[in-house]
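Subject: Structure handover

Hello,

I am passing on a structure that you have not worked with before. Please open it first and then read the notes below.

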Amino acid sequence: MSDLMSIVRDTWLIFRHNVRLSLRQKAGIIFGVLQPLLYLVLFGPLFATIGTWETLIPGLLVQVGLLSAGMAGFGVVFDARSGVLERLRVTPAHRVSLLLGRVLGSSVTLLIQSIMLIVVGYAFGMRAAVPGVLAGLVLMALLGVSLAALSNALALTMNPDLFPPIMSTGIVPLVLLSGAFLPMSMAPGWLNALSLATPFRYVLEAVRELFAGHYATPAVAAGVAVTLILSVVCVTVGTRVFNRENA
């Protein structure tokens, strides 16, 4: 019991520290959501002639999730180079807390960026119901935890110089395969099958259903299940890597 309380306390301290750092770097938060915002402003009005804002905005949320939380490992790379990671290793803080504090902080940053996108979306004409939007944000927070944990694990096991180009290159096809810009049901069979093999399509389709005000549908159930499984797997992998690399 005392170990659990110690983990919770250390996680809270590291989470609070990381959130404070993120909030001080307002430019970083804005640049992280800038690309999806540009898509919204420059591509959204065109998309709205053939689709709806309730379809496009969830796609942009998944895009910002991959761009923001998916690149959270940058922090580990920077901390390793500056010696911060080395100093953390000699503190009595539990190794699990070192990871959880980081990924929860990244998830908060993603939530702020998601809310920025949604506010601009409402200004452009989106009419999603608030309960559906709030439920979608919960899924995005879980997705942020998953992606940040996996990104931190990859950053610890990968050559630091290769991390940025590999991650930025890998994120592009994942965004496209999620169906962020067009429904993948319109794609050829092989491309649709490839899309179904990625978890982000299920998350995206669930958020779209929620934004449309449909809460008890198979797509929502599948999206919630995939997001929960992804969170457990990624946090487990991230914790093991963090423990091993910081042993």
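The notes below go from the overall fold to a single residue.

Please keep in mind that this is a predicted model.

Fold. The protein contains 12 helices and zero strands.

Size and packing. The radius of gyration is 18 Å, which agrees with the value near 18 Å that a compact globule of 247 residues would have. Along the principal axes, the C-alpha atoms fill a box of roughly 55 × 35 × 35 Å. Of the 247 residues, 46% are buried.

Surface and charge. The accessible surface of the protein is about 12000 Å², and carbon and sulfur atoms account for 72% of that surface. There are 15 positive and 9 negative side chains. The centres of these two sets are 6 Å apart.

One residue. S106 sits in helix α7, which covers residues 95-124. Is S106 buried or exposed? Its relative accessible area is 17%, and the cut-off for buried is under 20%, so S106 counts as buried. With neighbours within four places in sequence left aside, S106 is in contact with A72 and A148.

Regards

Notes:
Residues numbered from 1 in each chain as written. Predicted model: local features only at pLDDT ≥ 70, side-chain atom pairs only at ≥ 80, totals over all residues. Heavy atoms only, no water. Helix = DSSP H or I, 4+ residues; strand = E, 2+ residues; numbered from the N terminus. Rg over C-alpha atoms; globule rule 2.2 N^0.38 Å. Buried < 20%, exposed > 50% of the residue type's maximum accessible area, 1.4 Å probe, protein only. Areas by Shrake-Rupley, 256 points an atom, 1.4 Å probe, with all protein chains shown as cover. Lys, Arg positive; Asp, Glu negative; His and termini not counted. Charge placed at Lys NZ, Arg CZ, Asp CG, Glu CD. Contact = heavy atoms within 4.5 Å.
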